[in-house]
Amino acid sequence: MSTHYDCIVVGSGHAGCSAALAAVEGGCTSVLIVEKAPRDWVGGNGYFTAGAHRTVHGGLHDLLPIVRNVTPEQASKIDMDPYTVEDFTGDIKRLGQDKPDAKLVKSMVESSREAVEWLARIIGVPFILSFHRQAYEVNGRQKFWGGMALSTEDGGKGLIKAHTKALEKAGVEIWFESPAVRLRVEKGAITGLVVQTDGKELNLSSSSVVLAAGGYESSSELRAKYLGSEWERARVRGTPYNTGDGFAMAEAVGAKLVGDWAGCHSTCWDANAPANAGDRELSNQFTKSGYPLGIMINIYGQRFVDEGQDFRNFTYAKFGRQILLQPEGCAFQIWGADMIPFLRKEEYGDEIVEKIFAGNMEELADKLLEKGLKDKGCFLKTVNDYNAAIQNHRAEYPTLGWDPTVKDGLSTQSTTVALELPKSNWALPIDQGPFLAVKVACGITFTFGGLAIDPETAGVLSKEMDTPIKGLFCTGEMVGGLFHNNYPGGSGLTAGAVFGRKAGGQAAKLAGKSVK
């Protein structure tokens with residue numbers, strides 16, 4: 001067993017794999033990934049994603065060369081607007097209340113297109129256009145919306161499968177059930193890592209260590225400490241092994257913590273899903289993102305968010321928090337018959353989620369009483385008031401039509417009737433049965449607080465000097481300052497690849513192996 005490596009990566013998720021593969025590409029001949037989890041849990045949180053990557057692009061013609069699921073005939077029936085640097089930057093800043101680190105955002109956004117090209121061409125990630133998640137058919141054409149178009153075959157499973165194959169081909173070692181214990185440092189520079197393997201501590205030497213160990217979302221103790229006591233009951237969407245270990249190691253060598261430590265990515269999640277870890281088979285299918293097509297109501301029969309505030313991929317990462325803050329931390333999603341066909345089968349299929357059907361709203365309320373609804377009268381009034389408000393808006397704006405690919409302006413707000421809590425877009429009356437309800441809870445994905453890094457090298461900054469700690473790098477969900485409060489869907493995987501590539505390239509330079 002070797003104890004010296006050109007580069008050591010902590011964590012086998014998408015970001016860690018990207019760093020390891022970039023190190024090999026840069027010239028490193030001995031690269032090791034150490035993973036706390038057993039082999040059956042390879043892939044970190046990346047495994048549990050839909051594989052979505054948000055990137056700058058010039059439109060359909062720009063992405064067609066790297067996707068695998070579009071025929072020339074299909075391409076002729078697709079509408080996709082370009083997504084510019086300004087668009088991507090603006091979305092992160094807007095959703096983050098202008099608090100994300102501007103230089104970090106700039107580096108990630110401007111490197112995004114090159115990163116997905118690298119993933120496709122060099123790593124072999126099987127990208128597809130995300131018809132099932134990011135497009136609707138309008139007048140016979142597939143119209144993409146929300147600025148994002150790329151996903152992967154078989155979602156996160158396909159993403160990690162591609163990485164695993166590439167790592168094997170590149171000769172990267174992976175040690176499972178080998179948690180990193182502490183960083184080795186001499187004269188202010190990283191010299192290696194101590195890992196625990198086979199019940200013993202082992203000293204490994206390397207000129208570089210890349211931290212890609214995820215956030216603290218899997219630790220109920222740390223969730224309570226940083227996010228609030230109510231977060232102890234949040235359901236963990238992904239790996240149960242992201243418990244903040246990397247932060248403790250980095251702090252011990254003087255690393256600087258930054259970002260939104262009270263914030264996280266949290267979604268509408270199946271209330272019947274496992275509490276403390278994701279399901280390796282169903283994975284992301286526990287997500288319940290159909291709320292823009294209907295309404296969400298808490299157990300006391302009240303709406304609590306504007307379901308049509310923005311496109312789903314701009315609201316889904318913050319609405320989990322809103323569900324958690326409701327009584328008992330759960331809610332019901334409600335639809336009429338006209339919207340049920342638009343619900344994604346992978347999330348709302350018969351074998352995926354418990355569906356509560358009823359022929360009329362009174363019957364639905366009675367059935368929901370058995371599932372935790374506390375106030376039938378308030379529930380029925382909320383739905384009736386919602387429907388009445390929509391009818392008034394329609395009477396005032398008769399030319400508006402429902403279009404899920406744009407913010408269509410179909411609302412509950414008119415000059416005669418305005419709900420205290422509006423639905424700003426895609427508001428259709430829920431008055432035609434059969435009606436459907438699904439019970440949802442909060443699923444936490446990852447946390448936003450993390451380590452301060454140099455935007456160009458991914459080098460971890462020192463708390464004392466605010467300069468990079470030689471030999472220490474960071475990527476993935478451990479990076480702090482990039483997202484605040486909310487984030488545009490698909491940005492996380494892209495960021496992991498961008499800063500993973502930077503970290504791996506720098507590791508090769510430090511090892512004296514950099515390819516010219």
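Helices (H or I, at least four residues) and strands (E, at least two) are DSSP runs, numbered from the N terminus. The model is predicted: local features need pLDDT of at least 70, side-chain atom pairs count only at pLDDT 80 or more, and totals for chains, interfaces and linings use all residues. Residues are numbered from 1 along each chain as its sequence is written, and side-chain values use heavy atoms, without hydrogens and water.

**Exercise 1.** Determine in which strand G450 is found and whether G450 is buried or exposed.

*Solution.* Step one: G450 belongs to strand β21, residues 450-451. Step two: the relative accessibility of G450 is 0%, so G450 counts as buried (under 20% relative accessible area; exposed is over 50%, partly exposed in between; 1.4 Å probe, protein chains only). Step three: leaving aside neighbours within four places in sequence, G450 has contacts (heavy atoms within 4.5 Å) with residues including F247, W261 and M478.

**Exercise 2.** Locate E177 and K187, and state the phi of E177 and of K187.

*Solution.* Step one: E177 lies in the loop between β9 (173-175) and β10 (180-186), whereas K187 lies in the loop between β10 and β11 (189-197). Step two: phi is near 50 degrees in E177, which is not glycine, and phi is near 50 degrees in K187, also not glycine. Most residues other than glycine have a negative phi. Step three: E177 is exposed at 54% relative accessible area, and K187 is exposed at 90%.

**Exercise 3.** Identify the geometry of the peptide bond from G433 to P434.

*Solution.* Step one: this bond, from G433 to P434, is cis, with omega near 5 degrees. Step two: P434 is placed in the loop between α13 (376-396) and β20 (435-447).
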